[in-house]
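Please keep the sequence and the structure in view while reading.

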Amino acid sequence: MSTEKTLILVKPDGVRRQLVGEVISRIEKKGYVVTALKMMQADRALLERHYAEHQGKPFFEPLVEFMMSGPIVAIVAEGNRVIEGFRSLAGVTDPTVAAPGTIRGDLARDQGTKVVQNIVHGSDSPESAAREIEIFFGK
Ligand code: IDP
Ligand code: MG
């Protein structure tokens, strides 16, 4: 059986609000396995690589600034269909409308900032997951 991997980030808002344990708990309770984890301060070069698809969008610079505003926690989680499964646990991007029961729906709201602060990142495809895991953890 092939085990899929995804890259999850607890963003600076999640770390500041002491929600690291809550996020990991939801990943583990769902049945996924945390196989790598580190707290780190991301720099601009790393974030510009990670968010390359958003370069040129109006929220790009606020997004990079926000992601540099404090430590983040990078996590690799594994399990069958974990990419789709974690996106489902996280909820949609906009926390105002993210479903109750999801991380974003339960724990985040619109703060009126230029970039949406929504606690977590999760890879959106196998290609993104492979690329992002290499950015944060190397080959
Ligand atoms: P995702 O995190 O749900 O995959 P993406 O579209 O990949 O969403 O956007 C990356 C991050 O950029 C989001 O999680 C959010 O923090 C921020 N973001 C996305 N779209 C907007 C927007 O329209 N306004 C403000 N911030 C946004
Ligand atoms: Mg995304």
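**Asn 118 and its surroundings**

Setting aside residues up to four places away in sequence, Asn 118 touches Lys 11, Asp 13, Thr 93, Pro 95, Arg 104 and Ala 108. The model described here is predicted. Asn 118 lies in the loop between helix 6 and strand 4 (120–122), and Asn 118 is buried, with a relative accessible area of 2%. An oxygen atom of ligand 1 is 2.9 Å from an N or O atom in the side chain of Asn 118.

**Ligand 1**

- The protein covers 77% of the 530 Å² of accessible area that ligand 1 has on its own.
- The residues around ligand 1 are Lys 11, Tyr 51, His 54, Phe 59, Leu 63, Arg 87, Thr 93, Arg 104, Lys 114, Val 115, Val 116 and Asn 118.
- The side chain of Arg 87 has an N or O atom 2.7 Å from an oxygen atom of ligand 1.
- For the side chain of Thr 93, the distance from an N or O atom to an oxygen atom of ligand 1 is 2.6 Å.

**Annotated positions and the pocket**

- Under "binding site", an unreviewed UniProt entry lists Lys 11, Phe 59, Arg 87, Thr 93, Arg 104 and Asn 118.
- From this set, Lys 11, Phe 59, Arg 87, Thr 93, Arg 104 and Asn 118 are part of the lining of the largest pocket.
- The unreviewed UniProt entry also lists residues 3–139 under "domain: Nucleoside diphosphate kinase-like".
- The span of residues 3–139 is 42% helix and 18% strand, and its end C-alpha atoms lie 17 Å apart.

**Thr 93**

- Thr 93 is placed in the loop between helix 5 (82–90) and helix 6 (103–107).
- Thr 93 counts as partly exposed because its relative accessible area is 49%, a value between the limits of 20% and 50%.
- Neighbours within four places in sequence aside, Thr 93 is in contact with Arg 104, Val 116 and Asn 118.

**His 54**

- The loop between helix 3 (44–50) and helix 4 (60–67) holds His 54.
- His 54 has a relative accessibility of 16% and therefore counts as buried, the limit being under 20%.
- Apart from neighbours within four places in sequence, His 54 is in contact with Phe 59, Phe 60 and Leu 63.
- Both His 54 and Leu 63 are among the residues around ligand 1.

**Ser 123 and Thr 6**

- Ser 123 is located in the loop between strand 4 and helix 7 (126–137), and Ser 123 is buried at a relative accessible area of 0%.
- With residues up to four places away in sequence not counted, Ser 123 touches Thr 6, Leu 7, Ile 83, Arg 87, Ser 128, Ala 129 and Glu 132.
- The side chains of Ser 123 and Glu 132 are joined by a polar contact of 2.6 Å.
- A polar atom of the Ser 123 side chain lies 3.1 Å from the backbone nitrogen of Leu 7.
- Ser 123 and Leu 63 are 60 residues apart along the chain, and their C-alpha atoms are separated by 16 Å.
- Thr 6, a contact of Ser 123, belongs to strand 1 (residues 5–10).
- Thr 6 is buried, with a relative accessible area of 0%.
- Residues up to four places away in sequence again excluded, Thr 6 touches Ile 75, Val 76, Ala 77, Val 82, Ile 83, Phe 86, Ser 123, Ala 129 and Ile 133.

**Positive phi at residues other than glycine**

- Gln 18 is not a glycine, yet its phi is positive, at about 60°.
- Gln 18 sits in the loop between helix 1 (12–16) and helix 2 (20–30).
- With a relative accessibility of 72%, Gln 18 counts as exposed.
- Ile 119 is likewise not a glycine and has a positive phi of about 75°.
- The loop between helix 6 and strand 4 contains Ile 119, as well as Asn 118.
- Ile 119 counts as buried, at 0% relative accessibility.

Definitions and conventions. Residues numbered from 1 in each chain as written. Chains lettered and ligands numbered in written order. Predicted model: local features only at pLDDT ≥ 70, side-chain atom pairs only at ≥ 80, totals over all residues. Heavy atoms only, no water. Helix = DSSP H or I, 4+ residues; strand = E, 2+ residues; numbered from the N terminus. Buried < 20%, exposed > 50% of the residue type's maximum accessible area, 1.4 Å probe, protein only. Contact = heavy atoms within 4.5 Å. UniProt positions renumbered as here; feature names shortened; annotations may be inferred. 1 Å grid on protein atoms, 1.4 Å probe; cavity = no way out; pocket = protein on both sides within 12 Å on 5 of 7 lines; lining within 4 Å. Polar contact = N/O pair within 3.5 Å; in protein donor to acceptor, adjacent residues only side chain to side chain. Near = heavy atom within 4 Å. Areas by Shrake-Rupley, 256 points an atom, 1.4 Å probe, with all protein chains shown as cover.
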